[in-house]
Amino acid sequence: MKRLLSVGFLSLLIALASASASGAGSSSSQDPAESSSNKAGQRNADSIEGRVISDDGQPIVKAQIWVIEAGQSSRTVRWTKTDREGKFRAEGLAPMQYRISADAPGYLLSNESSRPKSYSPGDFVNITMIKGGVITGTVTDSSGKPVVAVPVSIIFVRTSDGRSLGGVGGAARPRYTDDRGVYRIYGLSGGSYLVMAGMRPGSNAGLAVRYRDHSPTYFPSATRETAQEVRVDKGREVTGIDIRYRAERGYSISGTVSGAVPSDTESGHVSLTLLYASSGLTEAMASISGKDDSFTFDNVTEGEYELIAQSNLMSGENGVSAPVRVKVSGADVKGLKVILTPFSSIAGRTLLEPLQDAALKSGCRDEREGLLRNMRVIVRPDSVIERRDQPPPPGRPRSVPARIDDKGEFEIQRLHAELYRVETQLWGRSWYVRSITLPGGGQNRRPFDVARNGIALKAGERVKRLTVTIAEGAASLDGQVLPSVEGNQLPARLRVHLVPSDREHADDTLRFAEARVRNDDSFIFSNLAPGRYLIVIDQASASDEESMEIWQRHAAWDGVERERLRRLAEACSTAIELQPCRSISHYKLFYAPPQSNKNGPSKKGQ
Amino acid sequence: MPTLARATILIAAMFCAAASGQTQSETKEAKSGTASISGPITVGTDPAPGVVVAVTHDNHQIRQTPVAQATTDKDGRYKVKGLSAGRYIVSPIDPLLVLPQDAMMQGRGKSVSVSEGEEIEGIDFSLVRGGVITGRVTDDQGRPLVGEQVALSRVDERDRKTFVYLHHRPMLEIDDRGIYRLFGIPAGRYVVSVGRQLGSLGAGNEGGFYARTFHPGTTEESQAEIIEISSGEEATGIDIMVGPLSRSYTVTGRIVYAETGAPFPNALYGYGILSDDGKSIQSTTYSKRTDAGGNFRLGGVLPGRYVVFSVAESESDYYSEPVPFEIADEDVSGLEVRVHRGASLSGIAVIEGTNDTDILARISKLQFIVFQQEGGPSPPRSDPVKIELDGSFRTGALHPGKVRLYLMNHLPVRKGFHLIRVERGGVNVTDGIEIAPGEEISGLRAIIAYGTSRILGQLKMAEGELPKDVGFVVSAHLISSGVHRTVANVEADQKGRFVLEGLPAGEYRLLVRRGLSRPGFGRILPGKTFRQDVTVAEQAEVQVTITIDLNAGVK
């Protein structure tokens with residue numbers, strides 16, 4: 001018995017040894033290209049097999065397959081192609097998790113297949129691909145003759161669900177019109193596009209050299225600003241996207257960049273963005289690196305633009321320029337001087353104030369564990385209207401979130417000379433923000449209230465020791481707004497405000513809270529400081545709510561607004577007291593329109 | 001017979017700064033001069049208005065941005081202005097009007113040199129209306145071959161097929177419906193194909209490929225249906241149906257030391273196509289290294305005859321015996337490639353013909369390449385041989401046989417330097433050094449001549465004008481002291497002028513042949529070779545006129 005056992009053990013050892021040797025062998029030769037061979041003796045235990053089909057069930061032949069290490073490294077360890085049945089096999093894989101990626105010209109991964117999934121050796125992967133969308137049309141000149149071999153590019157501006165992308169990106173390479181002026185762009189993912197005929201700056205000319213001096217024409221016969229979006233869905237063909245080519249002379253905008261630019265010893269580049277002044281849409285981007293400090297944008301249509309530059313260095317001081325206004329009207333613009341001023345930064349730490357009173361604390365969920373890790377400190381430029389559905393152009397001030405490290409510290413870089421507001425995103429329900437301050441100067445050493453005033457950054461300023469104090473014992477409130485007269489309709493755009501009524505907190509900005517009343521008339525507040533409050537309902541102005549996509553500026557930041565809210569609150573007498581770690585739910589707030597004497601809600605609480 | 005007529009000063013071909021890359025600032029370079037090039041462009045007998053003519057530097061770089069362009073007016077005449085002195089290529093660029101079917105001129109234009117302020121006229125082009133070839137490419141299941149590319153070959157009177165390099169490559173791509181459309185094709189006879197030629201190399205073959213298939217659906221070139229189009233004609237329905245995706249195969253084995261059979265780790269290995277006579281390796285590909293066990297793996301190998309080898313690297317001192325193998329329809333395993341300790345060469349390189357310390361210091365920027373011939377195929381060598389500051393050089397991993405040294409050509413700093421002599425113990429071994437297995441040969445002397453002499457040449461036709469549709473290539477060979485080494489190759493310009501520079505003193509043989517010397521298009525046309533010998537002194541300028549009589553016999 002013993003002998004049998006030891007033999008078995010020995011053969012197991014050998015099997016393990018040879019498995020790891022072959023694994024080590026294939027990975028050390030750094031060979032990503034394992035073809036799908038069908039060696040009969042090959043074990044499946046170190047292979048991942050799979051099949052790629054289209055959504056009509058047909059196999060996709062010669063699709064490119066990558067096997068990528070899941071996790072940080074994202075190293076591609078194998079690449080191969082599907083065979084005549086759409087099948088592939090990647091062999092000699094080390095036992096770990098992988099992601100499988102597939103690519104076939106004209107096709108896109110289906111929604112299901114593009115979800116991130118991990119596979120291990122021995123798994124069978126099923127991938128479905130869907131034919132991409134197609135845009136096709138004819139490009140003609142003003143006399144109706146076909147424009148031949150002109151590059152046609154697309155710019156992806158909006159996803160199928162309407163989210164905007166605001167960028168300059170497009171297809172990997174342009175397609176060209178043929179001898180009849182016909183172009184065809186296939187393999188598109190669903191969404192809205194702009195279609196552009198003409199040369200992009202920096203592209204190699206070849207046959208298209210005849211179009212070199214023109215600014216591009218957008219479908220149907222427009223500039224970027226007035227271009228019409230074309231909507232495409234996967235698997236569908238959109239025809240008749242005909243472009244009347246304008247052959248308008250394009251002009252160049254050129255100049256130099258100075259200031260916080262990369263020197264010889266640093267690697268990095270300066271990126272420049274040319275935007276339409278009125279709409280903020282990006283027209284073109286350029287990049288400078290190395291010793292060169294000059295830039296040129298070619299093929300620019302007449303119009304008014306803004307030029308922003310910012311540097312991206314591996315190390316060292318990065319900077320950004322104030323937007324330079326450029327007007328192109330009948331001539332090249334030369335000799336622009338764009339000056340980069342260094343970015344500013346804000347650094348600081350969080351202070352925690354846990355509840356000491358055991359009785360109070362007992363009602364609180366212990367959220368210390370993930371508190372700092374999940375918290376974010378966000379700085380937001382006060383003057384910029386940001387859209388949630390669209391990233392701001394590069395080089396513009398934008399809101400920047402920062403994580404908190406293990407020591408409770410954070411640092412936010414690449415900020416502009418702007419007034420920034422500081423907000424927080426808290427995780428959990430037990431904590432609230434007590435104060436956001438900077439150490440005070442002057443005689444009385446009182447800390448500077450950043451929550452109320454924001455931080456006015458200067459160019460290149462490095463603000464340190466911002467302190468965000470969060471305290472345990474937050475309260476929550478949620479409920480519903482109802483019309484005070486039954487059967488009445490509630491107006492749109494209602495907001496609920498909480499105004500602190502304790503004297504010592506009367507002007508504490510952090511204790512003013514506001515919540516939007518949602519479509520189902522509910523509202524919710526969380527992470528509130530415990531104490532006494534008055535409740536006010538008002539209506540947001542039409543322009544504020546023009547799109548839910550715009551970040552709201554808090555009413556509490558404005559002293560005049562705080563005063564107005566306080567007066568409103570005192571005129572009515574809906575008061576509420578919030579206890580530490582207590583949550584009030586299903587709170588009914590009644591709304592009476594301002595015409596009646598009661599200028600606010602009445603309460604029927606819990 | 002060198003002619004010594006004191007003719008007008010010829011401007012040398014100036015090597016203007018290479019116009020490469022995409023930096024915005026250089027698009028309008030060279031427009032500060034006052035020279036111009038002009039001429040008429042016709043289609044048949046009619047003038048061709050609206051044709052763009054582009055001018056690029058003639059400096060052997062493909063895909064450049066034009067330095068200037070002009071468009072023909074309503075009379076079909078163009079004039080490109082504002083050029084500075086130099087040598088240019090002038091080409092009409094039109095998607096529909098093309099140069100007639102001619103291997104040389106396909107989209108490449110004419111070489112013209114101008115001097116400052118010179119107004120060159122009569123650079124004319126006679127274009128033809130291009131035709132269209134279009135069709136659908138599918139597999140045997142009717143599925144389109146999306147994203148693949150078709151290839152066009154011209155067919156001559158003897159049904160020989162030559163690949164046509166189309167300059168507008170996007171039209172070769174097959175779209176999502178399987179349709180391709182080639183336009184601007186000059187009248188003539190063609191075959192269209194898709195897929196890979198068997199016997200081609202490269203990792204792109206991994207995981208399957210389509211064997212080269214001709215319209216309408218045959219892999220046999222001789223069975224390909226020939227498409228004949230006339231000017232402006234559209235040939236439709238030129239469909240191709242390919243067979244199922246073919247497999248590529250895997251080759252595995254080991255590289256070992258010949259003496260001991262022990263594995264040879266970390267060796268750079270690859271494979272190449274064996275020539276039909278089995279004597280030499282044609283194209284090669286190598287990039288990976290053997291593992292600790294000396295194992296190698298070649299993937300994506302198409303059916304064919306090949307050899308596997310390890311690359312001779314000087315640092316490793318070992319050379320391999322390439323092992324032939326054949327792929328038919330299955331993987332090959334268990335190959336064993338043996339490496340032997342190689343011979344080595346070392347010596348000193350000296351520069352003759354100058355005392356200038358700056359020029360002498362450039363010796364460390366020069367490099368040799370080693371050329372070995374043998375009875376059988378020899379594996380590639382990976383690195384050129386560096387020359388140190390003191391002139392010393394060494395290379396190893398040589399297999400027995402004859403070795404020849406050459407100066408590596410593609411270095412800009414090489415201009416003016418020519419390896420004219422290699423001596424071993426006073427004996428001239430320029431034509432080759434015999435090496436015994438494992439021998440260590442030292443004390444070689446490589447004499448590099450530095451020259452600044454020039455030959456200014458003029459080609460003249462015995463009868464009539466220089467032909468306009470094709471160029472002449474002049475190559476210079478140093479023939480003094482029994483050595484025969486090619487020293488330079490240039491193309492004559494539109495007036496038959498050429499300049500050979502950086503020549504050391506010596507006896508030269510100039511050979512003139514019809515053709516083009518541009519990269520990617522460098523072709524010598526079959527035909528007569530004209531020869532002229534000339535003696536060049538040190539730091540001299542010699543003028544030569546070569547008379548070309550197309551009716552006479554070859555010398």
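Where in chain B is Pro216(B) found? Its place is the loop between strand E16 (213-214) and E17 of chain B. This is a predicted model, and the briefing below looks at its nonpolar cores and then at some backbone details.

**Nonpolar cores in chain B**
- The largest nonpolar core has 34 residues, and Ile133(B), Leu152(B), Tyr180(B), Leu182(B) and Val192(B) have the most contacts inside it.
- Strands of chain B that give two or more residues to this core include E3 (52-57), E11 (131-138), E12 (150-155), E14 (179-185), E15 (188-194) and E17 (227-229).
- E14(B) provides the largest share of this core, with four residues.
- Beyond its neighbours within four places in sequence, Tyr180(B) is in contact with residues including Ile133(B), Val150(B), Ile174(B), Val192(B) and Ile238(B).
- A second, separate core has 28 residues, among them Met461(B), Leu466(B), Ala476(B) and Leu500(B).

**Cis peptide bonds**
- Most peptide bonds are trans.
- In chain B, however, a cis peptide bond joins His215(B) and Pro216(B), with omega about 0°.
- In chain A, the bond from Phe219(A) to Pro220(A) is cis, with omega near 0°, and Pro220(A) sits in the loop between strand E13 (217-218) and strand E14 (230-232) of chain A.

**Positive phi in chain A**
- Most residues other than glycine have a negative phi.
- Lys62(A) has a positive phi near 60° and lies in the loop between strand E1 (48-54) and strand E2 (64-69) of chain A.
- Lys62(A) counts as buried because its relative accessibility is 18%, which is under the 20% cut-off.
- Asp521(A) has a positive phi of about 70°, and its loop runs between strand E36 (513-516) and strand E37 (522-528) of chain A.
- Asp521(A), at 28% relative accessibility, counts as partly exposed.

Note on methods:
Residues numbered from 1 in each chain as written. Chains lettered and ligands numbered in written order. Predicted model: local features only at pLDDT ≥ 70, side-chain atom pairs only at ≥ 80, totals over all residues. Heavy atoms only, no water. Core = buried A, V, L, I, M, F, W, Y, C linked by side-chain atoms within 4.5 Å. Buried < 20%, exposed > 50% of the residue type's maximum accessible area, 1.4 Å probe, protein only. Contact = heavy atoms within 4.5 Å.
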